[in-house]
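User: I've got a structure to go through with you. Can you take a look and answer a few quick things?
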Amino acid sequence: MVFCKNAVNSTRLFIETREVILMSYRVPGIVLEKHGQPPSLEQVVVHEPGANEVAVRMVASGICHTDLGAVRDARAVPILLGHEGAGVVEAIGVGVTHVQPGDHVVINWQVKCLKCRWCLSGRQDLCENVQATAAPRVYWRDQPLNLLLNAGTFCPIAVLPAMGAIPIRRDMPLDKAALLGCAVATGVGAALYTARVLPGQTVAVIGTGGVGLNIIQGARLANAGMIVAIDLDDDNLRLASAMGASHTVNSRQHDAVKTLRDLTQGRGMEHVFEVVGLSELMAQSIDMLSRGGALTLVGAAARDANMQFAPRRFMSQQQTIQGCIYGNIRPNIDLPLFADWYMSGALKLDELHTRDVRLEDLPDLFINREKLRGIRTIIQFGGAA
Ligand SMILES: [Zn+2]
Ligand SMILES: [Zn+2]
């Protein structure tokens, strides 16, 4: 165990056993106890990292739709929420060599095994053995807590498998870096890696929240031609223009399918991204596709949702529907790359970061969700950086 020298401002418990001294942190965390109820601020106990694990002192964590959706469909409760964040390495377990205490890191919530058939064949995005810590490290009421996406960043200390903490350059502000770990990774990755948008291609993005805006940004980085943002909210659409959309459509006022056809002399779009997660919108998206067009499903549909469509055109017009999780990124390569892009001015993040809150504000925000309108609400933990 190696600890950060300046890690002094947390309460630590020392639990002596016969052979070892275990160190743990008693800290607040946002816990969802039961489905359908808002989460609450609870005291949790976080144990030190084991071998090949890292403890991160969180500096900032974004509130993502997956956190909100967990209230409805988290796989297991009780669960500690939060998965998008950045912070400073607090402690490392035996065998960790890629970071040292004090390093600045982005949380990677999909740690690949690098051993399975998919990882070994160059498709680590398909890893069938995504890693968690070797044993539970967070306890509530003396019981192990589940962690959302093996992360649990709505807590001042997160313990992760080693590659759950990806080091980035120190001159990148950590509250901006937090966004790299989910919204940017998923959105920019969807455009660049899943759909592989090419220069000049036509792109439509349905739903311009944090992820949708980053798909627009990814399409801009790919030098796409026409980039059309579709949403019900004019404020979001204004942001979409700032992120690189060449056209915007408020689908409350205009028929989106007809508008896209009109914009392309009837051809439709080479890429359509559905980022809302509604099967009706997914089915409608098919009517937006050009010959050879690809529909990329990024929004998380309800687990029991179904979709109906006429499949014939996929044969005759050589179209594609594909799924996308975490933007098919390679976290250890792409998260530091995205940090470089932000620092060089290529990646826009300041426009996405709309509001700072404290951890204790979360239960109320989960109840009064209209307060989360705007793009990304960031929990600032204070201290570090
Ligand atoms: Zn997320
Ligand atoms: Zn694997």
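User: What share of the residues in the protein is buried?
Analyst: Buried residues account for 49% of the 385 residues. Bear in mind that this is a predicted model.

User: And how does the radius of gyration sit against a compact globule?
Analyst: The protein has 21 Å, and a compact globule with 385 residues would be near 21 Å, so the two agree.

User: What does the C-alpha trace span along its principal axes?
Analyst: About 75 × 45 × 40 Å.

User: Switching to secondary structure: how many helices and strands?
Analyst: The protein contains 10 helices and 21 strands.

User: Of the contacts between residues at least 6 apart in sequence, what percentage joins residues at least 24 apart?
Analyst: That comes to 71% of those contacts.

User: OK, domains. Which ones does the assignment give?
Analyst: Domain 1 is made of two segments, 2-182 and 328-380, while domain 2 covers 196-323.

User: How far apart are the C-alpha centres of domain 1 and domain 2?
Analyst: The centres lie 30 Å apart.

User: How many residues does each domain put into the contact?
Analyst: Domain 1 supplies 12 residues and domain 2 supplies 10 residues.

User: On the domain 1 side, which element gives the most?
Analyst: Helix α1, residues 65-73, gives the most to the side of domain 1 touching domain 2, with four residues.

User: What's the make-up of that side, in nonpolar, polar and charged residues?
Analyst: The side of domain 1 that touches domain 2 has five nonpolar, three polar and four charged residues.

Terms used
Residues numbered from 1 in each chain as written. Chains lettered and ligands numbered in written order. Predicted model: local features only at pLDDT ≥ 70, side-chain atom pairs only at ≥ 80, totals over all residues. Domains from an automatic or database assignment. Contact = placed C-beta atoms within 7 Å. Helix = DSSP H or I, 4+ residues; strand = E, 2+ residues; numbered from the N terminus. Nonpolar A, V, L, I, M, F, W, Y, C, P; charged D, E, K, R; others polar. Rg over C-alpha atoms; globule rule 2.2 N^0.38 Å. Buried ≥ 20, exposed ≤ 12 C-beta atoms within 10 Å, placed from the backbone.
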